[in-house]
Amino acid sequence: HDASVDEAAYRTFNAALGEAGQHLLVPRRKIPLLRWVFPFVRTPVNIVKFGAERTPGLNLFVGEQRFGRAMNQYRQGKLSAGDLSDATAKQMSGIGLGLAVGSLVADGTITGGGPADPADRRTKEPTGWKPYSIRLGDNYYSYARLEPLGVTLSMIADFVQVAQVEELDKVPSQIM
């Protein structure tokens with residue numbers, strides 16, 4: 001029963017916050033007015049955490065069951081095979097999603113935040129381009145509210161976009 005209650009809280013983004021998340025609540029407790037400014041903390045933090053657990057690279061550092069820690073706990077008999085399987089599945093699904101989304105970002109089907117330069121941005125927007133969107137035909141559809149997948153997509157898209165810009169910056173220096 002307790003395991004199912006915990007799993008339900010996790011899947012609905014209502015799990016209790018960890019130590020880092022609790023620090024976000026301290027100002028709200030001390031200044032009651034902040035409860036009106038920031039009424040929801042736990043759910044957004046859990047959504048970001050859920051997305052980060054499945055984002056390649058980030059999933060090595062976040063989550064209750066980071067793979068390396070989970071493997072050590074399993075060897076010590078402190079973690080069940082099912083929990084180890086869950087930790088491994090998060091890693092593998094994150095890697096698979098990262099590869100798939102990365103290739104779609106590279107070919108322009110999925111967009112990240114876009115160029116930082118306002119002039120570059122102004123040249124893209126008249127074509128229908130939108131940040132944090134998926135292109136289907138000639139239209140772009142935002143995935144920004146498609147949580148928790150939206151968090152993961154945006155992190156991967158921004159990472160690939162930055163990597164592409166850095167590669168382009170290297171080209172002139174290699175030619176000369």
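This is a predicted model: local features need pLDDT of at least 70, side-chain atom pairs count only at pLDDT 80 or more; totals for chains, interfaces and linings use all residues.

Me: Which residues make up the largest nonpolar core?

Reply: In soluble globular proteins, nonpolar side chains tend to be buried together. A nonpolar core is a set of buried Ala, Val, Leu, Ile, Met, Phe, Trp, Tyr and Cys residues joined through side-chain atoms within 4.5 Å. Buried means under 20% relative accessible area, exposed means over 50%, and partly exposed is in between (1.4 Å probe, protein chains only). Here the largest core has eight residues: Val-101, Val-105, Ile-110, Tyr-143, Leu-153, Ile-156, Ala-157 and Val-160. Two or more of them come from each of α6 (81-106) and α8 (149-175), and α8 gives the most, with four. Those labels come from DSSP runs, numbered from the N terminus: helices are H or I, at least four residues, and strands are E, at least two.

Me: How many residues does α6 have, and how far does it reach?

Reply: The expected span of a helix is 1.5 Å times one less than its number of residues. With 26 residues, α6 reaches 37 Å from first C-alpha to last, close to the expected 38 Å. Its buried residues include Leu-84, Lys-90 and Val-101. After α6 comes Gly-108, with a positive phi near 90°.

Me: How many salt bridges are there?

Reply: A salt bridge is a side-chain nitrogen of Lys or Arg within 4 Å of a carboxyl oxygen of Asp or Glu. The count is two. One joins Arg-11 to Glu-7, with the closest N and O atoms 2.7 Å apart. An α-helix has 3.6 residues a turn, so residues three or four places apart point the same way. Arg-11 and Glu-7 sit four residues apart in helix α1 (residues 2-11). The other pairs Glu-125 with Arg-121, at 3.7 Å from N to O.

Me: Is Ile-31 buried or partly exposed?

Reply: Ile-31 counts as partly exposed because its relative accessibility is 45%. You'll find Ile-31 in the loop between α2 (19-30) and α3 (34-37).

Key: Residues are numbered from 1 along each chain as its sequence is written. Side-chain values use heavy atoms; hydrogens and water are left out.
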